Amino acid sequence: MPYAITQNCCSDATCVAVCPVNCIHPTPEERAFGSTEMLHVDPKTCIDCGACADACPVDAIFPVDRLLPSQREYASINAAYFEGVDVEGVGFEGVEPAPVEDGPNFHAWGAPTFERTLPSDFAPLRVAVVGTGPAGMYAAQDLLLHTPAEVTLIDRLPVAGGLLRYGVAPDHPATRKAQDSFARFHTHPRVRTHLGIEVGRDVTADELAAHHDAVIYAVGASTDRRLGIPGEDLAGSAAATAFVAWYNGHPEVPADAVELSGERVVVVGNGNVALDVARILVSDPDALAATEIAPHALAALRASTVREVVVLGRRGPRDAAYSRSELLALRHLPGVELVVDDSDPRTGRAIEAAAPGDRAAVLRDVPRRAVDWSLPPAGGRRIVLRFHSAPVAAVGDGAVRAVRVTDDGAEDGVEVPTGLLLRAIGYRGVPVPGLPFEESTGTVPHERGRVRGLPGTYVVGWIKRGPSGGIGANRGCAAETVGTLLADAVAGALTAPTGRPRAFRRLVKRRR
Ligand code: SF4
């Protein structure tokens with residue numbers, strides 16, 4: 001019985017490397033890698049060895065005959081990926097981009113590698129990695145597994161993990177499990193970890209550079225993008241990222257930061273964060289109690305009067321940024337109705353016209369109706385997807401009472417009553433003191449990971465490429481940055497540290 005990859009796929013290609021018959025695609029060498037939402041097993045060539053399932057860091061791979069009812073669609077999703085690709089590598093409309101690089105020999109792709117080739121007299125480097133989220137840990141892993149480097153891990157928070165710890169929804173335990181595969185490096189004999197240390201507050205970038213051959217910044221994108229509408233700063237209007245941090249027990253978000261006393265919440269945005277937030281708000285608290293959700297958030301959700309979450313998308317259902325698998329999961333949420341508000345006729349037309357494999361096609365089985373927003377939410381718990389809708393104002397006197405929504409940016413429009421408005425329109429990087437910063441993109445300017453104008457300084461993850469791509473996208477990103485760093489080292493372009501490791505440890509201890 002072949003295996004199938006399911007919802008939690010992190011696309012880091014660990015499974016690809018262990019498959020003996022190379023039947024998991026796209027591989028990191030194929031052009032579709034990084035643009036597909038997930039990897040796929042070809043059921044025609046899978047030999048049922050189970051190696052991929054053992055290696056998968058997020059438990060996303062199962063034999064087809066052991067898929068849960070809510071996962072069964074993934075058997076056909078995996079198979080369809082290969083059926084939709086002809087021998088020229090051209091996918092049919094609506095299916096993921098074609099993976100074939102090398103013509104008609106469809107199953108003869110070379111095995112992917114993340115190997116390093118270094119000179120035999122290569123001296124061990126001392127490298128600081130700032131940030132212990134997936135990007136930083138993939139970089140540290142690459143250095144530790146493929147070079148004799150010593151690594152100093154630094155994080156501004158008192159707990160390691162970054163977005164894996166504080167950004168992944170608690171009801172996605174398999175995705176959070178990726179932390180385990182990184183945690184083994186925290187105690188690696190060539191690693192020193194310093195938590196609760198912030199560059200710019202406790203140590204300067206210059207001090208870090210003076211004690212290491214190279215410094216890799218993996219600080220992510222720690223703030224959110226704003227809507228820029230009147231009333232956005234009213235009480236009851238917040239960033240969805242703050243809500244995510246709240247239910248994950250982030251140390252910088254107070255336990256009483258969220259008020260859930262209304263019946264309806266409006267979430268602006270059509271990405272996976274918007275769906276995470278909507279799902280958590282209407283999930284059965286008893287189901288959440290079995291997760292790692294913060295106790296204060298669970299108590300607030302038990303007392304919550306929220307019954308309806310409206311997810312607003314500025315464009316149509318075919319342009320949504322959430323993954324098909326997250327949308328599929330909403331259809332299987334126990335006790336929660338998923339509804340599409342089709343008061344705009346473009347919504348229904350787009351769903352009907354969606355090709356197989358298009359995420360909008362998932363909505364064909366979802367009830368559609370024109371919602372009358374002048375009425376209170378219907379009984380029961382539900383999530384309403386409303387497309388072609390942009391918020392133009394948060395309305396209220398001191399606190400949000402409603403969100404005014406239009407389909408064309410005009411100032412009039414329908415008012416959707418709500419006591420809580422969450423914006424989920426993306427993360428944004430913030431400047432690191434001592435590093436250049438590109439305001440327009442919220443990133444550090446770089447060439448293949450090397451920070452422009454700062455030899456020996458590198459970036460990886462969202463602060464390098466902007467806030468897009470899931471966990472696995474960071475593996476290739478880290479491979480590029482570490483490759484640049486090692487090439488610089490081999491070329492003699494790095495400056496040897498002037499401070500010894502012990503001196504750095506003393507410095508950190510004094511400043512902490
Ligand atoms: Fe490859 Fe074995 Fe996984 Fe099948 S079960 S996809 S052959 S690793």
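User: What makes D59 count as partly exposed in this predicted model?

Analyst: D59 has a relative accessibility of 33%, and because partly exposed covers the range between under 20% for buried and over 50% for exposed, D59 counts as partly exposed. This residue is found in the loop between α2 and β4, the latter covering 61–63, and D59 also has a positive phi of about 50 degrees although it is not a glycine.

User: Why is D48 called partly exposed, and where does D48 lie?

Analyst: The relative accessible area of D48 is 37%, which is neither under the 20% that buried requires nor over the 50% that exposed requires, so D48 is called partly exposed. D48 lies in the loop between β3 and α2, where α2 spans 51–55, and its phi is positive, at about 65 degrees, although D48 is not a glycine.

User: Why is the pair of Y81 and F82 called edge-to-face?

Analyst: By the rule for ring pairs the count comes to five aromatic pairs. In the pair formed by Y81 and F82 the centres are 5.3 Å apart and the angle between the planes is 85 degrees; because rings pair when their centres lie within 6.5 Å and planes over 60 degrees apart count as edge-to-face, the pair of Y81 and F82 is called edge-to-face. Ring pairs also link F243, W246 and Y247 into a cluster.

User: How do you know whether Y81 and F82 are buried or exposed?

Analyst: Y81 has a relative accessible area of 1%, while F82 has a relative accessibility of 8%, and because buried means under 20%, Y81 is buried and F82 counts as buried too.

User: Is H194 buried or exposed, and what makes it so?

Analyst: The relative accessible area of H194 is 8%, and since the cut-off for buried is under 20%, H194 is buried. H194 has its place in strand β7, residues 191–195, and, leaving aside neighbours within four places in sequence, H194 is in contact with residues including T152, L153, I154, D155, F504 and R505.

User: Which residues are the closest to the ligand, and how does the shell around the ligand divide?

Analyst: The ligand is surrounded by 14 residues, of which the closest are C19, C46, C49, G50 and C52. The shell divides into twelve nonpolar residues, one polar and one charged; because Cys counts as nonpolar and Gly as polar, C19, C46, C49 and C52 fall in the nonpolar group and G50 in the polar one.

Notes: Residues are numbered from 1 along each chain as its sequence is written. This is a predicted model: local features need pLDDT of at least 70, side-chain atom pairs count only at pLDDT 80 or more; totals for chains, interfaces and linings use all residues. Side-chain values use heavy atoms; hydrogens and water are left out. Helices (H or I, at least four residues) and strands (E, at least two) are DSSP runs, numbered from the N terminus. Buried means under 20% relative accessible area, exposed over 50%, partly exposed in between (1.4 Å probe, protein chains only). Rings of Phe, Tyr and Trp (its six-membered ring) pair if their centres lie within 6.5 Å; planes under 30 degrees apart count as stacked, over 60 as edge-to-face and the rest as tilted. A residue is near a molecule or strand if one of its heavy atoms lies within 4 Å of it. Contact means heavy atoms within 4.5 Å.
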